[in-house]
Amino acid sequence: MKEPARILIVGGGYVGMYTALRLQRKLKADEAQVTVVDPDPYMTYQPFLPEAAAGSISPRHVVVPLRRTLPKCQVLVGEATAIDHAKRTATVKTLAADEEGAGGVELRYDELVLAPGSVSRTLPIPGLAEFGIGFKTVEEAIGLRNHVLEQLDIASSTRDPEVRDAALTFVFVGGGYAGVEALAELEDMARYAARYYHNIDPDDVRFILVEATGRILPEVGPEMGQYAVRELRGRNVDVRLDTRLDSCEGRVAVLSDGSRFPTRTVVWTAGVKPHPVLAATDLPLDGRGRLACTAALQVAGAEHAWAAGDAAAVPDLSADEPGKECAPNAQHAVRQARVLADNLISSLRDEPVRDYAHKYVGSVASLGLHKGVAHLYGRKLKGYPAWLMHRLYHLSRVPTFNRKARVLAEWSLAGLFKREIVSLGSLENPRAEFELAAGTGRHPEGT
C-alpha cells in the first residue's frame, strides 16, 4: 500500500489554517498526514485587533484555536528555524527544546507549504527598539490598550505638567490599515475614558499620525483617503503627511519637519517584511525576500513546495499591468489558501493544477465607532454605511461559526451597555503581586 504523504505546513495564519482546513475536509485519511507548525496554538484574525484594543471585542474571540479547528491535523507549537528542501527536512524549535537542552526537532516531509506570514519592518531609528510598540499580535493590541489607559492614570495623578503632557500624547507611525484603524479606535476609547477622570478633559488627549507618503489608506483610493484625513483632523487628530519619525530617544518623538513631542507612547505600524525563516531555506527568493512563486502557488523551480500570502510573490493574473503581483493582504491570502489546497490535492492524485486569479474587489476600513471608509466593486462609501460594511464583511470572513456568533453577541451587547474602560496591565506580569508579598512578608490584600 502507498504510504500517506507527509504534508508540512509552516505557519498557522490565514494561509496555513485555511489550507489545513481544506485539506482535512477533502483528503482521505489514508492519503496524507498534515502537520501544522506555528509559534502560537491559534490563528489571529488581525482585522479585529483594533476593536480588541478598544474593548469592543474580547481578546479570546479575535483568535481561533488551531487544535479545535483542525482535529484531523497534527498541530505542533514551535518555530521553524531552518528548512532544507533538498533533503525534505525542517528544523523546528519547540517549547520543550530549552528544557531538553536540544536545538530543535527535525521533521521530514513530502510536501511543504510555506505560509509563515510577515513580521514588523523596523528601521534603525534612535530609541525605536527601546520605546516603540508594535501592533501585529493580539498580545500587542491588549498591551497597547492597557498602556493607553495607564497613561490616563498617570496624567490624572501627577502634578508635573511635563509628565502629564507626555502621558496624554500618543504618536502612531504608519498610515496604512493597521496604523489608521488602531489610532481611530484607541482615540475613540481614550476620549471616552477621559470623561471619567475628574481632571482630564477629552480635548487634553493628543493623537498624532505620522505618514511618510502624501496620503493614508492607499487601498481605498485617493478620494476616500482624503476623506479619512479630513475625518481624523475633524476629531482633533494631528495628521502629518510627507513626514517621518527621526528619533524617539528619551521619550521625545522628533519628526522630519522639526516637530518635537514629549510622549510615552510611540506605536510603530510602518509596514512589514517577510518572515526570517524564508532566508533560512534553500528555496528561491525575489528581490524583496519573498518566495518566487508561479500562478499555481508552487515555489518556482522547486517541486513539492507551495507558498501563498505575505511570504509569496504570486503573479496577479487579473491585473491590467504585466508583471504585477498580488497584494499581501487577507483578501488574497484566504482565496489563495483554497486554490493552494486544491492544487496540492490534485498534485497528490496526479491531476492538473489551476492558476490563482482573483479580481480585487476593494477595501473597507474603520475610523472608530460608527465611522469608516470603503471602496467596494467601484462604489465609494463613507461614514456609518462604510463602518457597517466593514463589520459585516469581517464578520463573514472570521473563521468558524463559533467565532462569528461570539463576536456578533459582543457587538450586540456593546450597543446596550457602556464601553469598558478597565486596564488589566497586571496581566502582563501576573506574578508581581506574589513577588511583592514574598519579598516584604505582607499579604497582597493588606496594602
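**Close-up views of a predicted model**

**View 1. Meet a bridged pair of residues, Thr91 and Glu106.** Thr91 has Glu106 in β7 as its bridge partner. Four bridges link strand β6 (residues 89-94) to β7, and the two run antiparallel. Strands here are DSSP runs of E with at least two residues, helices are runs of H or I with at least four, and both are numbered from the N terminus. Two strands pair if DSSP finds at least two bridges between them. This is a predicted model, where local features need pLDDT of at least 70, side-chain atom pairs count only at pLDDT 80 or more, and totals for chains, interfaces and linings use all residues. Residues are numbered from 1 along each chain as its sequence is written, and side-chain values use heavy atoms, with hydrogens and water left out.

**View 2. Step back to the open sheet.** Seven strands make up this mixed sheet, in the order β7-β6-β5-β2-β1-β8-β20. At its edges, β7 (105-108) and β20 (305-307) each pair on one side only. On average, neighbouring strands are turned by 40° against each other, direction ignored.

**View 3. Here a helix packs on the sheet.** Helix α1 (residues 14-26) touches β1 (5-10) and β2 (32-38), and its direction makes about 155° with that of β1. Contact means heavy atoms within 4.5 Å. Axes are lines fitted to C-alpha atoms, for helices over the stretch in contact, and angles run from 0 to 180 degrees between N-to-C directions.

**View 4. Now look at helices α6 and α8.** The axes of α6 (residues 138-157) and α8 (residues 177-194) come within 11 Å and cross at roughly 35°. Among the residues in contact are Leu144 and Arg145 of α6 and Leu186 and Met189 of α8.
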